[in-house]
Structures are given as structure tokens and as C-alpha cells.
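Let's take a friendly look at the charged side-chain pairs in this chain. Here are the sequence and the model.

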Amino acid sequence: MVFAIGGLLPVEGGNTMLNSTIGALGLRVPAGAYLNISGLKSGVYFESWDVHDMIPEADYHLVLKRTRILKDNFTGELEHGPYERSWLFFLDPNAHVRISNSELRKVFIDLINEDVEFENLRVGIPSSLNYRDIKLKDVIVMGQWRKNC
């Protein structure tokens, strides 16, 4: 599942079991679900991991066995592109999220019929975001912040 510039496994539903090396893991945090993490980094190896360890109310199943997520160490022209490494989160606006002191590739928030203004969301340096019950503190996003409308 790894290409020269990465390889994303987006998980939005169903039952998935993986035993591989991947560039990135994209996880959906549905409405009403809780995600509370700190110190999340890229370049990790899981002997055994279940998505419910991180998102107990996830309405899908994902199990990683002997799986590596590559380090997010793109530089030069690849640094801020759409290349997939590390962690991506797709956050429902009605999720309960706390992420702190972590390294992510991208953060997506679904905004529907809302006028919202965010300030000082930076790439490559620690940033913080407060929106509804989504609280990100000192999170380094290496790829992009994105709202889905």
C-alpha cells in the first residue's frame, strides 16, 4: 500500500483488517463520538491495534496487525502537498474531540450551512483550534487544514 510519495488508507465504514506498511491512516470521527489523544506521532508501528482503542464510538471496525505508518518527513516540494503520510482525521462537527501535542498530516472538519472563521491555523508549527466541542491544542499539521462544505 505504499507508493513513492505515500499511501493513504481512509477508513469511513465497514470491517477492515490490515497487515502492511502504509503511508497514512485517515480516520473518521463520527457525530457523538469521543476522541481524546495526546502525543500522537508519525512513524509508528502497531503489533496489534483496534480503532476502538482510540475512538470507542467509531461506527466501523479497523484492526491493524503488524502495521507501520511511515514517518511524515517530506521536505522540499513535497513538504506541503497532498502527499499522504502520518495521521489524517475527518471530524464531524458534532464529535467530542481533544487532540494535543500531536503531529498530524491533515485535519478535515465538515461544515454545513455555517459561517465560521478560524485564525492562526498554521502548517508545520504548533497551532490550536476551538470549534464547538472540538479542541486541538499545540497540534502540528504538516499537510493542510481543510473544511468540507
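## How many salt bridges?

How many salt bridges does the count come to? The count is four, where a salt bridge is a side-chain nitrogen of Lys or Arg within 4 Å of a carboxyl oxygen of Asp or Glu.

Before going through some of them, a word on the basis: this is a predicted model, where local features need pLDDT of at least 70, side-chain atom pairs count only at pLDDT 80 or more, and totals for chains, interfaces and linings use all residues. Residues are numbered from 1 along each chain as its sequence is written, and side-chain values use heavy atoms, with hydrogens and water left out.

## Arg28 and Asp59

Arg28 pairs with Asp59 in a salt bridge at 2.6 Å, N to O. Arg28 sits in strand β4 (residues 24–29) and Asp59 in the loop between α1 (51–54) and β7 (61–69), so the bridge ties together parts 31 residues apart in sequence. Helices (H or I, at least four residues) and strands (E, at least two) are DSSP runs, numbered from the N terminus.

Asp59 is exposed, at 53% relative accessibility. Here buried means under 20% relative accessible area, exposed over 50%, and partly exposed in between (1.4 Å probe, protein chains only).

## Asp72 and Arg105

Another salt bridge joins Asp72 to Arg105 (2.6 Å, N to O). Asp72 belongs to the loop between β7 and β8 (86–91), while Arg105 is in strand β10 (residues 103–110), 33 residues apart. Both Asp72 and Arg105 are buried.

## Asp133 and Arg98

Asp133 and Arg98 also form a salt bridge, with their closest N and O atoms 2.6 Å apart. Asp133 is partly exposed at 24% relative accessibility, and Arg98 is partly exposed at 33%.
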